[in-house]
Structure formats: structure tokens, C-alpha cells
Amino acid sequence: MGAFSPEMRERAENLLTLYPKRRSALIPLCHLAQEQAGHLTSPLMEEIAELTGVTPAEVYGTASFYDMLHTEQVGKFLVGVCTNVACLLQGGGELLEHAEASLGVAAGGTTEDEMFTLEEVECVAHCDKAPAVQVNYRFFGPLTGESFDDLIAKLRAGEYDGVVPPHGTLTRVTRENGIEVPLDEVLAERKEMDRAKAERKAAAEAAKEGN
Amino acid sequence: MEQTNQVPKIVTSRIGLEESWGIKTYLATGGYTALRKALTTMTPEQVADEVSKSNLLGRGGAGFEVGRKWSMLKPGPVRYLVVNGDESEPATFKDHMLIENDPHQIVEGTLISAYAVGAARAFIFVRGEFALGLERLQAAVNEAYAYGAIGRNIFGSGFSVDLVVHPGAGAYICGEETALLESLEGKRGFPRIKPPYFPAVIGLYGEPTIVNNVESMSNIPWIVNNGGASFAALGVGRSTGTRIFALAGHVNRPGNYEVEMAKLTFRDLVERPEYGGGMRLGRQVKAFIPGGVSAPWFAPDQLDIPLSQDDVAKAGSMLGSGSIVMMDDHTCMVRAAWRIAKFFWRESCGQCTPCREGSGWIEKMMRRIEQGAGREADLDLLMDACDNISPGVAWPPQQTTICVLGPSIPSSVASAIRMFRDEFLVHIKEGGCPYE
């Protein structure tokens, strides 16, 4: 019995077919693992290692480099308050202080009920709506202390369940099929294209010399 | 998104339309006609020729000619095309908008480019945090498959290509093209040692690879439909066509504005009612960042510089990622520069000592000045740390690191010290921030 559920295992195998080399699927597979478990558990990382042909340490070492990949449990909602320069100028720093007081945790912490993990994040490219907040990578802004509290209350009450999936589910649109045109078929085609190009070039040069 | 001048909207024409991200809207507004034209009536060289004629400058940050980049592609049996949608330069939010609101345009531009360079497979690398963008782009790819624009024998032309949407996982450094390729190979986003300077020589899996930005790709369908010469007719000199400027900070109307290159000045963009609508609360400009936080700052007397790559470079900064951050006279420059330093410290990949250590030292010194524990000698020490990362602390910068993240660190800190030394001294003498 693997760490991935049968359904996730099937999606994982589909992902592997998208890349010429298996290791390229490592990060998409980590996202998939987080969709299943909310974070990267050791058994899931071991299965990703098996699927991509690397060691579990390499999976951990790669995952730990990236902000979005969590090897420890986080809340159902990962709340990121942006304090980078565009948000800072519009009160992002003050909004983070408010969020810390309101949720009762410092940035990086998780509330006792495990509903919310608060993060101070770098620019989320939502600067025309500064100060901006992301909840499981869904964007909100501009927010005040009051509208932040309102957002938290609604998240807690489940009012955003259709908009903000639980932490780990990055995208709800998947590619159904694998690669449609195998690489060797494409390469044969490219060879033919290159040959035709060389012919056109030679013909153009011959015409030039003829003049 | 609003546009009131007579210049055509090249990349933002569908922004604001109903379901602008769906294939129905795309096809109703001329979508996939350029792909059909390229595949069924043009050779790959003819497509590349039009792009060269357009003189389209890469819209990611470095501003390298797209056509020239393509021409450097080393011949080889396997070639790849990778589209960089990892937009993370602080205060830049144009690619985010394009990915969410016109994903088909990116797909079409990518397919045309794959044809022009003979790519065996194309990947669109999307910043992981763009969850909605990832969903809409994948949906667009699924629709394009069903429509016959991707896959086998596209539009009966004999050309086949697959396109994969690849999610990132949160790391600014992956916007650097060689770090992006490492990440796409399933590794940490460590930039590769140069030379080779271009992935066109050694790229994804060691094969020749073209890496182009999302906005660059979005321009390709228009160029194919209207010709490179029409594109080059817009703008001034090397800065051709239109470009999206992401205007942020203390303006009344922050937003993305597509304008003709080099025809407007920073002041036009900030003050005109159809763009920024002036500074918030009628306040004065204290300083502004002309092209993302990697760029040195400009003073109010530089507002009349045109929005052209060469004019901004001549004035000692860069147009970079096309993001402009306005700061008014109530802004604490120490705090702003500290926050930017903190960003680079957090995002340094850690490979090179000057960047890894230097960013941390600078962040710590900036923090202690802002929080009131600074010393006057810190100012020299800060400039010395900057000098160790980028000798001379000038623009264009000298580099002691594998990639350009390193020399981007001093830009804001050195600008703030040079332009607002008195403000640092007030922090130090009063033992705290005078703006709090």
C-alpha cells in the first residue's frame, strides 16, 4: 500500500508522462502530495523519490528550498500577508501586526485550532490591490484590519469553501491526458524541418549566385 | 485596465472582456488566426524574421532582443522552448494579469514561437503562487487541445508540438532563467555558472533551449498578424511596440497600463488621469523606483525621463521588469530600503558568499538603523558591504556572483544612502524612526 491514494497515484503517473526526464515531475508531485495530506509527509516523499528515481533525501533537499513546500504540518488556511515595498507603502506592515494580534500568533505560527498558519510573504504580484493577502494562494486586497478580520471569520465559517480550497490543493484544473505526441515522433519531424530549411537556404544561395 | 490613447492594445486587448480567459472569447476576438497563418502560410524562418524585424525586446527584465535570442539557438536534434511566467520581482504584476486574464494569447504565442525555433516541446513555467492563473492556463491548454491548436498535425500543417504547464513552488530566484531550468529539472533553483551565457547553447537537460517571458510571448500573435514592421513603427529607436507598465505605490490609480514605448515620460504615467491620476492625497514625489526593486532609485527631477530602455539606462538605472513604485514625501526611506534588503536576504539562493552573507549583513544594519540602534559608522559599513557585492556600486553593476541577484542587492540601499543621507542620520541621532 503506497502513501499516495490510488486516485493520486494515477494522477502522479500521468504527471510523469509530461516530462522527458522523470525528475522534472518532482515539484508537481510535491504539490500533489500536499493536496492529499496538507503537507509533505515522509512516506509521501519516499514515494516521490521512488517515482522520480532519486533518493528521499534529494526530495527533502529540493522541497526545503521552496517556500510553498511544507515538510511540517500547517493550518487548513495558510494566510500570507505581503509586506514587500508596494504593500509596505500602503500599510502592509501594520496589517501584519494586526493579523498577528488578531490571530494570536506571530508570523510563522499556527493557531491552536490548526485552522490558520500566518506568514509574512514577499510580493504576491497583487500590488494594485495593496495591502494584499493570500489565503492558500487565493488573493484578497486591499485589506484593512477590519476587512482582514471579516475574511478570517468567513473562512472559519466555511463561507469561502468554494473559492479557497484547503491548503495543498493548488490547482483544481488538471490535464486529463499525458503527452499526445511522443518525443521521437517530434524529433523525426524536426529533422525533416531542418532538411527542408537547408534546402531552402541552398536554393536561395543558388538563386543569388545565378544573378 | 484602461487605455485611452490611439495606440493599439497589443497584449491587453481582451482584459476586461467577459470570460476573457475562455476560448470562446478568444476565438471571437481573432484568437488562433496568427497560429494558423504562421503554420499554414509561413516557414519557421519567415516567422523568426518578422519577430527580428519587430525588434521586440524581452519583457522579463533584461530586455534582450527576442529575435536575436532565437538566432543564437544552437542547432541540435532536441530543442526546447520554456516560457518564464515566474513573475516575482517585487511590485511587478503584469504577467500575473496576463496569465489570469488572457492565457490563450500566451499559449498561441508559445506555439508560434515553438514553430519558429523548431522546439520539440514547450513548457510554460508559472509561479506557484498564481493558483488561479495555473487553473486558467491549464484550462486554456485543455481547450486548445480540443480545438486542434496543440498536439499532432496542428491545423493540418504537419507541425506537431506538446505544451506543458509547469507549476513553480515559490522562489524569486527561479525567475533567473538558468535557475528556472534547474527548477524545471526538479532541483533546487540554483542559477548555473556562466559561460555559457545563454540556455540557447546549453539549456534544459543540456539541450539548446529558448527561455522567453510571458509578456514577450503575448506579443507574438499580433506581430505575426500585423507584421514586424508595424510593431517596429511604434515606439522610439530600439524601444519598439507597446509595453505594460505596472504602476504601484502612492498613486491614486495603481494598475497595469499598456502604453507605446518611449513616447510617455514617468511623469505622464504618474499624473495623467487615464493612468496614475497623480499622487495620493496630492502629496509630492520623494523618490521612485523605475523598474523593479533591483533598479537604482530616481529622484523627482528625473520624472521627465521617457519610458524607454535606453533613456533610463543612460540615467543610471533600468526599466527592468516594467514596474514603477512611487514614494511620497511621507515615506520613510530607511524603512523602504530595509524592506527591499530583507527581500534579497530571504531570496538569495545561498550559492555565492557575497550575496548570501552580504545580504544578511546589510539587512541587519538597515534594521538596526530603522529601529534606533544604528551608528553613524554604519553608513560607511553599509556602502562597504555593497561594494563587496558589486565593486564600485555603480550602474550597470559589476558582478561578483553567479547571477544578477547579487548586484541587485545594493541598488536600493545605496540609492537611499546617497539620496537621503540626512534621513539616516536623523534615525541614528534620534534613536528611532521619525516617521512613527
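Student: Which backbone nitrogen lies 2.7 Å from a polar atom of the side chain of A:Asn136?

Tutor: The model is predicted: local features need pLDDT of at least 70, side-chain atom pairs count only at pLDDT 80 or more, and totals for chains, interfaces and linings use all residues. Residues are numbered from 1 along each chain as its sequence is written, chains are lettered from A and ligands numbered from 1 in the order in which they are written, and side-chain values use heavy atoms, with hydrogens and water left out. The side chain of A:Asn136 also has the backbone oxygen of A:Lys76 at 3.1 Å from one of its polar atoms. The backbone nitrogen at 2.7 Å belongs to A:Leu78.

Student: Is A:Asn136 buried or exposed?

Tutor: A:Asn136 sits in the loop between strand 3 (133–135) and strand 4 of chain A; helices (H or I, at least four residues) and strands (E, at least two) are DSSP runs, numbered from the N terminus. Beyond four places in sequence, A:Asn136 touches residues including A:Phe77, A:Val164 and A:His167, where contact means heavy atoms within 4.5 Å. Buried means under 20% relative accessible area, exposed over 50%, and partly exposed in between (1.4 Å probe, protein chains only). With a relative accessible area of 2%, A:Asn136 is buried.

Student: What radius of gyration does chain A have?

Tutor: The C-alpha trace of chain A spans about 80 × 55 × 30 Å along its principal axes. The radius is taken over C-alpha atoms, and the globule rule is 2.2 Å times the number of residues to the power 0.38. A compact globule of 211 residues would come out near 17 Å, but chain A has 24 Å.

Student: How many helices and strands does chain A have?

Tutor: From the N terminus on, the order of elements is α-α-α-α-β-α-α-β-β-β-α-α. The secondary structure of chain A comes to eight helices and four strands.

Student: How much area do chain A and chain B bury between them?

Tutor: The contact takes 61 residues from chain A and 78 residues from chain B. A:Phe65, A:Leu89 and A:Glu122 supply 12% of the area that chain A buries against chain B, more than any other three residues. Buried area is the accessible area (1.4 Å probe) that two parts lose on being put together, summed over both. Of this area, 55% is on carbon and sulfur atoms, and the total is about 5,900 Å².

Student: Which element gives the largest share of the side of chain A that touches chain B?

Tutor: Between the chains, 40 residue pairs are in polar contact, both residues at pLDDT 80 or more. Several elements of chain A each supply at least two residues to that side, among them helix 2 (26–37), helix 6 (92–103) and helix 8 (183–210). The largest share is ten residues, and it comes from helix 8 of chain A.

Student: How many salt bridges does the rule find across the interface of chain A and chain B?

Tutor: A salt bridge is a side-chain nitrogen of Lys or Arg within 4 Å of a carboxyl oxygen of Asp or Glu. A:Glu94 and B:Arg335 meet in one (3.4 Å, N to O). A:Glu120, A:Glu122, B:Arg339, B:Lys342 and B:Arg346 are linked in a network of them. Across the interface the rule finds twelve.

Student: How many residues apart in sequence are the parts that B:Arg59 and B:Glu215 tie together?

Tutor: Their side chains meet in a salt bridge (3.8 Å, N to O). B:Arg59 lies in the loop between helix 3 (44–54) and helix 4 (66–71) of chain B, and B:Glu215 in helix 9 (residues 214–226), so the pair ties together parts that are 156 residues apart in sequence.

Student: Why are B:Arg367 and B:Glu363 separated by about one helical turn?

Tutor: The two side chains meet in a salt bridge (3.8 Å, N to O). B:Glu363 is buried at 2% relative accessible area, whereas B:Arg367 is partly exposed at 32%. The separation is about one helical turn because they are four residues apart in helix 14 (residues 353–370) of chain B.

Student: Which side chain makes a polar contact with the side chain of B:Arg283?

Tutor: B:Arg283 lies in the loop between helix 11 (266–271) and strand 9 (285–289) of chain B. B:Arg283 is partly exposed, with a relative accessible area of 24%. A polar contact is a pair of N or O atoms within 3.5 Å; within protein, one must be able to donate a hydrogen and the other to accept it, and residues adjacent in sequence count only if both atoms are side-chain atoms. At 3.4 Å, the partner is B:His330.
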